[in-house]
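Hello,

Here is the structure I promised to pass on. Please open it alongside this note.

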Amino acid sequence: MFQIEFKAMGCQMLAALDSMDAAANAALSQVPVWFEQWEQCLSRFRPDSELSELNRRSGQCITTSNTLCEVLGAALAAAHQTAGLVVPTLLPALLAAGYDRSFNQLAVEVGKPIVPPSSSLPGQWRNIEMVGRERLVCLPAGVTLDFGGVAKGWAAQQAVRRLQQYGPALVDAGGDIAISGSRADGSKWPIAVANPFAPEEELELLMLVGGGVSTSGRDYRRWQQGGVERHHIIDPRSGQPAITDVMSATIIAKDALAAEVAAKVALILGSVTGMKWLERHSNLAGLLVLEDGSALHSSRLAHYLWRLTMSSPANRNPELQLDTLKPALSWKAVITILFAVIGGAAFALLVLPMWVPDLSASLTGSEPKGFWYMARASAFVAYILIWLSLVMGLLITNKLARLWPGGPVAFDLHQYFSILGLAFGLFHALILLGDAYSNYNITQLLIPFSASQYRPLWVGLGQMGFYLLLVLTFSFYARRWIGAKGWRLLHFVSFAAFILVLMHGVFSGTDNGETWAVTLYWVTGSAALFLTVYRIAVALLKTSKAMRQRLTGKEFAIDRGTHRRS
């Protein structure tokens, strides 16, 4: 099999021919040339393109090329078929939203919104006149065009038609995939659908004989305008970026152009209305990924899946999408909890002995044990909560949480356990200020390895573990700044934090000689180790399988995370 990758139309492109003939390879080398010609005709970002010239002459009638006339015809047909949900007259709305240059040149923060003129409302597509034989196009005054994804879908389909004479062909035009037919050996083409929140992970593997598949999403082409997040998918009904709960829509249709149009419709309509719309069209199948991380399958999608989905309701959903879920508690609530812990420790240290005189002998007598008891108890509670947080995190990444207790529940428990473990750990440290035996001061409690009176190494490691947990806990509230990838990488620190806390408990705890304490450490440590090894084994197995597929050539999957619209 020959394949070629290149950049065009602001996206990563891929074309493949399932043939080893030299003529096939030569034909494949021409694909970038074709796309350059089409882009020169259809791009609104090139001032010397034919489309830019047409827009400048809005209000006039001009003769166009076959390419522009054909794409405009396809765009107007899409507008009719979708009752005006996918239209080519959205350029003024895109400019008003700040999308005034190619995306790779677009700043993270663009200028303030502008109001497009009423003469350029998206509904003006109905007033565009075309005379087919003469290729004459008349745009109403004030109406300008942007073909967007329609141009890519059309180009993918055109490229496949030119290539199919040399063998089974596939073209991926930035997420719009056209397939000529089954592969040379009669097998289907595998198409991987990426997780929009973690593009290196796949949600499903589609197996297609021919036709087209397209993904439209608001996960990549987005920016800030006046403090408001914007994206490139405009709802013609409002003239604004679509307000929808769908993050990405992947649609299978008769060809790439039809799939592209349907994906836009499903995304604009939202999950409920969009899925109903898909089900009404027997020639469409789709997968909608929602902004809360869940995914919806249309009834006909099962015909294209690589493997049948398990019957259990928990297994009908893909893995939980961590990057989209919001923290279980607001950061204000977390700060309040931590200050409440500090207040509780102060209460125990200062007020409780005065209010409960009978407790004074235990707290402040010649052999005070009350603070020691509270320190021991809070330490074990903190350790168990930290262990539960780690377990829930591993269940989520191992996908075992889908069996129990469910992905969203596991995610919330993961955060709750982490926050509560942090709170009890803080209480454990502060209450030691009242223990006459250890005799710590606040500086020694705050600075790792600064105390020398009791097992300084193991106490210092426990302090380091606490600070790592503090960073991990607040990383839930910093994902916007550190990014999804950085947030995931940071979570590998949780293993180090747990090991440090475990070592602190085993080697500095005064109960480490008790049978129940030893059993607790062995059971929790072994469970964490098992789940970690299981996670690594699953990842290695997946990587090994992918490598074998690439080396043997048995599978050819278009990674939607790499080749989607960019």
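This is a predicted model: local features need pLDDT of at least 70, side-chain atom pairs count only at pLDDT 80 or more; totals for chains, interfaces and linings use all residues.

Start with the packing. The largest nonpolar core has 78 residues. Within this core, the most contacts belong to Phe35, Trp38, Leu145, Phe147 and Leu163. Which helix gives the most to this core? That is helix α7, spanning residues 256-269, with 11 residues.

Leu163 deserves a look on screen. Leaving out residues up to four places away in sequence, Leu163 touches Ala15, Leu17, Ala27 and Leu28, as well as Val31, Trp34, Ala169 and Val171.

Now the backbone. Met9 is not a glycine, yet its phi is positive, at about 55 degrees. You will find Met9 in the loop between β1 (2-8) and β2 (11-17). Is Met9 buried or exposed? Its relative accessible area is 13%. Buried means under 20%, so Met9 counts as buried.

Arg455 also has a positive phi without being a glycine, here of about 40 degrees. Arg455 sits in the loop between α13 (442-446) and α14 (456-475). The relative accessible area of Arg455 is 39%, so this residue is partly exposed.

To check these points on screen, go to Leu163 for the contacts in the largest core, then to Met9 and Arg455 for the positive phi values.

Best wishes

Terms used
Residues are numbered from 1 along each chain as its sequence is written. Side-chain values use heavy atoms; hydrogens and water are left out. A nonpolar core is a set of buried Ala, Val, Leu, Ile, Met, Phe, Trp, Tyr and Cys residues joined through side-chain atoms within 4.5 Å. Buried means under 20% relative accessible area, exposed over 50%, partly exposed in between (1.4 Å probe, protein chains only). Helices (H or I, at least four residues) and strands (E, at least two) are DSSP runs, numbered from the N terminus. Contact means heavy atoms within 4.5 Å.
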